[in-house]
Amino acid sequence: MNVYLLQVVNGVGIGMLYFLLAVGLSIIFGLLRFVNFAHGAFYLLGAYFCFQAVAWGLSFWLALVLVPLAVALLAWAAERILLRRIYDKPHEFHILITVGVALVLQEAVILVWGPLGDNVATPAPFQGVVMWGSFIYPKYRLFVIGFTAVFALFLWWVLEGTRLGSAVRAGSESTEMVAMLGINVFRVFGLVFALGAGTAALAGALAAPIRGVDPFMGLEALGVAFVIVVVGGMGSFGGALAGGLLIGIVQSVMSSLWPEGARLMIYVAMAAVLLLRPHGLLGRG
Amino acid sequence: MPALRDNSGLLLALAVVLLLPLLLQSGTLATEVLVYALAVLGCNLLLGYTGLLSFGQGVFFGMGSYAVGILLTRAGMPLMAAVLLSIVIGAGVAALIGWFAIRQRGTYFVMLTLAFAQMFYFLAYSLPGWTGGDNGLLGIPRPPLSLGGLASVPLDTPWRFYSFVAVVFLLTFWLLHRVTTSVFGRTLLAIRENEARARAVGYDTRLFKLAVFAISGAVTALAGALHAMMTGIAPLSNIEYHTSEMILVMTVIGGTGNLFASLLGAAFYVLAADWLSTLWPRWLLLLGLLLIGVSLFMHKGLWGVGQGLWQWATGRVRAGRPAVREQSL
C-alpha cells in the first residue's frame with residue numbers, strides 16, 4: 001500500500017514538472033495556432049544552462065531565475081526574426097521552421113557540451129530525505145512540487161489577472177478582433193512565445209538535479225508535452241494541469257508495476273481519454 | 001502531346017531510376033534513395049494532395065520493417081507474400097491511427113499523429129520478444145524472388161536488389177499517379193482546398209481521409225519492408241520520431257502536390273546526408289538551418305525551384321528568338 005502511495009506522490013512530482021513543460025506549449029497553441037516543435041529544445045536549453053550555471057559556481061537559486069529569462073529572450077528573438085515572417089504561410093512551414101530551430105539547438109548543445117549526459121548536484125538545503133514514520137521522500141522533489149504549485153498560481157494570475165493575460169485569452173478567440181481593438185497582436189505573440197519557452201526552460205532547470213542532463217532529453221520531453229496537451233485539451237491551462245498530473249501518476253505507478261511498459265502506458269492512457277473525450281479532458285469541442 | 005505531359009512525372013521518375021546506377025558507386029545508396037522516395041510519396045499523398053500533415057509516418061515505415069522481418073525470419077514466408085502482407089499490415093495500422101486522428105483537423109491532427117507515433121515506438125520498445133527491443137530485429141534474409149514458380153530471381157547483390165526495388169518503385173509511382181488523377185484524387189484535392197465545401201457537395205470527407213491514410217500507410221510500410229530487406233535488420237530507429245521527421249522533411253524539401261517532387265526530395269536528402277555525415281558528425285545542424293531556409297524562402301521546395309528555372313530558361317529562349325531572326329535577316 002505504502003509503495004503505491006509513494007508512487008502517487010512521486011507521480012504528482014513528475015506531473016507538476018510535466019504541467020510546467022506542457023502549459024507553455026498549450027498557451028502558444030491557443031494563441032498562435034501552431035505546434036511549436038522547438039518546445040522540447042527550450043526545455044533542453046533550460047537544463048543545460050542550469051548545469052552550466054552550477055558548474056560556474058553560480059547559486060542554483062539564481063540560475064532558477066536567470067535561466068528561464070535567458071531562454072525566454074532567445075525565444076523572443078527567434079519569434080521576431082523567424083516566425084513572424086511566415087505567420088501567413090501554410091502551417092506546415094510553421095512546424096518545419098520550429099523543427100529546424102529544434103535541430104539547430106540540439107546539435108549546438110552537443111557541440112558545446114558533448115554528446116554524453118552529465119549530472120547536476122541537488123542544491124544544498126534540499127539534499128537528503130524527509131521521514132514521516134515509514135514514509136521516506138527526497139526533500140528536493142517535495143520542493144519541486146511546492147515551487148511548481150506556487151509558479152502555477154503565478155502563471156494563472158498572469159493569464160487571468162493582467163492586461164497581457166486578457167489579450168492572450170481574447171486573442172485565442174479571435175486574433176483579428178483583438179487587433180482591431182488597437183492591441184499590437186504581434187507584440188503579444190512575441191511575449192507569449194517567450195513566456196512559453198521560459199516555462200519550458202524552468203521545467204528543464206528544475207528537472208536537471210533529478211534526472212541529470214543529456215542532449216536528447218528535449219525530444220523525449222516534446223513527446224510527453226504533446227500527450228499532455230492532447231489529453232488535457234489544447235490551449236487550456238486547467239487541461240495542462242489535469243493532463244500533467246494524470247500522465248505523471250500513470251507513469252509513476254506503472255513504473256513499479258511494469259517498468260519496461262511505463263512509457264507505453266502514458267500513451268495508452270492518452271488513447272483511452274481520446275476515446276471518451278475526443279477533445280481532451282478540458283478541451284472545448 | 002498531352003499524353004506526354006500527363007505522364008511527364010512518370011517519365012522523369014523512369015529517367016532518374018535509370019540514371020542512379022550510372023551516377024552512384026554504391027547500389028545500397030541508390031536503393032536507399034528509392035526506398036525513401038516511396039515513403040515520401042506516401043507522405044506527399046497526405047500533405048500535398050489532401051492537406052493532412054502527418055508526423056507519424058515513421059510508424060508505418062517501422063511496422064513495415066518489423067512485419068517483413070518477422071514474416072521472413074519466423075514464418076519463413078516467400079518474399080512476395082511477406083512484402084504484400086507487410087503492406088496490408090501497414091494499411092491496417094494506418095487505418096487504426098487514422099480513425100483516431102482524422103476526427104481532428106489542422107494542428108491538433110499533427111499532435112495526434114505524433115503522439116500515436118510515440119505510442120507505437122514505446123510499444124515496439126516494450127515487446128523485445130517480437131521486435132528485438134533496443135537491438136532491433138536482426139538477420140533478416142533476402143530470399144530470391146520466385147516468379148510464379150517458373151523462375152527464381154536472386155536478389156543477393158546490392159544492384160540486383162536495386163533492380164527489384166526500382167521495379168516496385170516505378171509500379172507504385174504509376175499506381176499513385178493513377179490514384180491522384182482519378183476522381184478519388186480530385187476529391188482529395190477538393191478536401192485540401194475546402195473541406196467544408198467538399199462535405200456540402202455530398203462527399204463523406206472522413207471516409208476519403210481514412211482511405212488516403214490507409215493508402216499512405218500501405219506505401220510507407222512497403223518502403224519500410226524494403227529498407228529492412230536492404231539492411232538485413234529492422235532497427236528500433238525505423239519506428240522512431242526521427243524517421244517520421246525525416247520523411248516529412250524530405251517531402252517538404254522536394255515540394256508537395258507533385259509525385260516526382262517526392263523522388264527529388266528523397267534523393268536530395270539521402271545523398272546530402274550521405275555526403276555531409278562523412279564531413280561533419282554534427283551535420284544535422286546544417287539540416288536545421290536548411291529547414292529554416294526552406295520555410296522562409298522556398299515554399300514550393302526543390303520542384304518549385306526547378307519549375308522556376310525551367311520557366312526562366314524557356315522564357316529566355318522565347319524572348320531571344322526574335323533577336324536571332326533579326327540578325328539572320
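**Helices α9 and α11 of chain A, shown in this predicted model, are roughly parallel to each other.** The angle between α9(A) and α11(A) is about 20°, and their axes lie 9 Å apart. Angles under 35 degrees count as roughly parallel, so the pair α9(A) and α11(A) falls in that class. Their crossing is left-handed. On the α9(A) side the contact is made by A:Val227, A:Val230 and A:Val231, and on the α11(A) side by A:Ile266, A:Tyr267, A:Met270 and A:Val273. By class, the residues of this contact are seven nonpolar, no polar and no charged.

**Helices α9 and α10 of chain A pack at an angle of about 120°.** Helix α9(A) covers residues 217-232 and helix α10(A) covers residues 237-257, and the two axes are 8 Å apart. The two helices are therefore oblique to each other. In passing α10(A), α9(A) makes a right-handed crossing. From α9(A), the contact is made by A:Val224, A:Val227, A:Ile228, A:Val229, A:Val231 and A:Gly232. From α10(A), it is made by A:Gly239, A:Ala240, A:Ala242, A:Gly243, A:Gly244, A:Leu246 and A:Ile247.

**The contact between chain A and chain B takes residues from both chains.** Chain A gives 38 residues and chain B gives 32 residues. Three helices of chain A, namely α4 (91-113), α9 and α11 (262-276), each supply at least two residues of the side that touches chain B. Of the elements of chain A, α4(A) gives the most to this side, with 15 residues. Sorted by class, the side of chain A that touches chain B has 27 nonpolar, four polar and seven charged residues.

**Strands β1 and β2 of chain A form an antiparallel hairpin.** Strand β1(A) spans residues 129-132 and strand β2(A) spans residues 135-138, and four bridges join the two. Opposite A:Val130 stands A:Tyr137 of β2(A). A:Trp132 has A:Phe135 of β2(A) as its bridge partner. Two residues lie between the strands of the hairpin, and A:Gly133 takes a positive phi near 60°.

**B:Thr251 is a buried residue of helix α12 of chain B.** Helix α12(B) covers residues 241-254. B:Thr251 counts as buried because it has 31 C-beta neighbours inside 10 Å, where 20 or more are needed. Leaving aside residues up to four places away in sequence, B:Thr251 touches B:Val40, B:Cys43, B:Asn44, B:Leu47, B:Thr256, B:Ser262 and B:Gly265. B:Asp274 is 23 residues from B:Thr251 along the chain, and the C-alpha atoms of the two are separated by 18 Å.

**B:Ser182 is an exposed residue in a loop of chain B.** The loop lies between α8 (158-181) and α9 (183-193) of chain B. B:Ser182 has 11 other C-beta atoms within 10 Å, and a residue with 12 or fewer counts as exposed, so B:Ser182 belongs to that class. B:Ser182 and B:Arg74 are 108 residues apart along the chain, and their C-alpha atoms are separated by 39 Å.

How values were computed:
Residues numbered from 1 in each chain as written. Chains lettered and ligands numbered in written order. Predicted model: local features only at pLDDT ≥ 70, side-chain atom pairs only at ≥ 80, totals over all residues. Axes fitted to C-alpha atoms, helices over the stretch in contact; angles between N-to-C directions. Parallel < 35°, antiparallel > 145°, perpendicular 65-115°, else oblique. Left-handed = near helix turned anticlockwise from the far one by under 90°. Contact = placed C-beta atoms within 7 Å. Nonpolar A, V, L, I, M, F, W, Y, C, P; charged D, E, K, R; others polar. Pairing = 2+ DSSP bridges.
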